[in-house]
Amino acid sequence: MTDKCPWAYRSKLELDYHDSHWGFPLHDEEMLFEMLILETMQAGLSWTTILAKREAMKDAFDPHIIKNYTDEKLADLLTDDRVIRNKLKIKATVSNAIAFLKVQEAHGTFDNYIWSFVDHTPIQTNFENIEDVPNFSPLAETISKDLKKKGFKFIGPTTVYAFMQSIGMVNDHLTTCPIHKKAAAH
């Protein structure tokens with residue numbers, strides 16, 4: 001019998017996310033921006049918390065809207081308990097929206113830019129134990145540095161590696177997990 005990745009059992013939200021999203025190659029521009037925002041918001045919080053607030057944060061997933069947030073809008077968000085109310089993270093979201101749009105302009109799509117780091121082919125890992133799955137990698141450090149040069153905030157190597165996992169640039173499902181092969185086949 002195979003077991004899913006242990007973290008997937010922490011909540012129903014995480015199980016659904018694990019089974020249908022995490023580790024699967026993602027190329028949709030809106031979803032790429034959404035995952036980038038969710039991963040930057042996650043720093044210091046549980047993934048269950050982020051997933052629980054995901055629906056309420058839907059407006060934050062459109063960089064064309066976010067880039068125009070005023071100080072008044074940012075202040076309103078700090079009083080909205082449906083979203084992550086961290087001033088620095090909210091401000092970073094605005095910076096990241098602007099940087100995201102600039103990357104799209106320079107590279108045609110953010111997808112083309114981000115996936116070029118892995119030659120547009122997901123990295124398939126073969127970890128058997130959750131303890132072996134890294135929190136970051138040298139590649140994540142390289143991407144983090146490049147994103148920071150482009151104006152992105154709250155985007156250290158650990159956040160970048162989590163982003164890489166979330167969009168399937170790296171498939172870190174354990175080999176015992178039935179989703180490992182399913183994600184690899186996409």
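## Salt bridges

Arg82 counts as partly exposed, at 48% relative accessibility; here buried means under 20% relative accessible area, exposed means over 50%, and partly exposed lies in between (1.4 Å probe, protein chains only). The structure is a predicted model, in which local features need pLDDT of at least 70 and side-chain atom pairs count only at pLDDT 80 or more, whereas totals for chains, interfaces and linings use all residues. Residues are numbered from 1 along each chain as its sequence is written, and side-chain values use heavy atoms, with hydrogens and water left out. The partner of Arg82 in a salt bridge is Asp80, with 2.7 Å between the closest N and O atoms. Asp80 counts as buried, its relative accessibility being 17%. A salt bridge is a side-chain nitrogen of Lys or Arg within 4 Å of a carboxyl oxygen of Asp or Glu. Side chains of opposite charge can pair when their charged atoms come close.

The structure holds 6 salt bridges. One of them joins Lys4 to Asp19, with the closest N and O atoms 2.7 Å apart. This pair links distant parts of the chain, since Lys4 lies in the segment before H1 and Asp19 in helix H1, 15 residues apart. Helices (H or I, at least four residues) and strands (E, at least two) are DSSP runs, numbered from the N terminus. Lys4 is partly exposed, at 22% relative accessibility. Another salt bridge is formed by the side chains of Lys12 and Asp16, at 2.9 Å from N to O. These two residues are 4 apart in helix H1, so about one helical turn separates Lys12 from Asp16. Lys12 is exposed at 60% relative accessibility, while Asp16 is partly exposed at 35%.

## The annotated binding site

The UniProt record, an unreviewed entry, carries the annotation "binding site" for Cys5, His18, His173 and Cys177. UniProt positions are given in the numbering used here, feature names are shortened, and annotations may be inferred rather than shown by experiment. Where do the annotated residues lie relative to one another? They span 173 residues in sequence, yet no two of their C-alpha atoms are more than 10.3 Å apart, so they gather at one spot.

Cys5 is placed in the segment before helix H1 (12–20), and His173 in the loop between strand S2 (170–171) and H10. Each of these two residues is buried: Cys5 has 0% relative accessibility, and His173 has 0% as well. Contact means heavy atoms within 4.5 Å. Leaving aside neighbours within four places in sequence, Cys5 is in contact with His18, Trp22, His173, Leu174 and Cys177.

## Cysteines and disulfides

A disulfide is a covalent bond between the sulfur atoms of two cysteines. The rule applied here takes a pair of cysteine sulfur atoms within 2.5 Å as a disulfide. By this rule the structure has 0 disulfides. Cys177 is buried, with 3% relative accessibility.

## His180 in helix H10

His180 belongs to helix H10 (residues 178–184). It is buried, with a relative accessible area of 9%. Apart from neighbours within four places in sequence, His180 is in contact with Thr125, Asn126, Asn171, His173, Leu174 and Thr175.

## The largest nonpolar core

In soluble globular proteins, nonpolar side chains tend to be buried together. A nonpolar core is a set of buried Ala, Val, Leu, Ile, Met, Phe, Trp, Tyr and Cys residues joined through side-chain atoms within 4.5 Å. The largest such core has 52 residues, among which Phe110, Ile114, Phe152 and Ile167 touch the most other members. Elements giving two or more residues to this core include helix H2 (29–42), helix H6 (87–107), helix H8 (138–149) and H10. H2 supplies the largest share, 7 residues.

Phe152 touches Leu36, Asn96, Ala99, Phe100, Val103, Phe110 and Leu147, when residues up to four places away in sequence are not counted.
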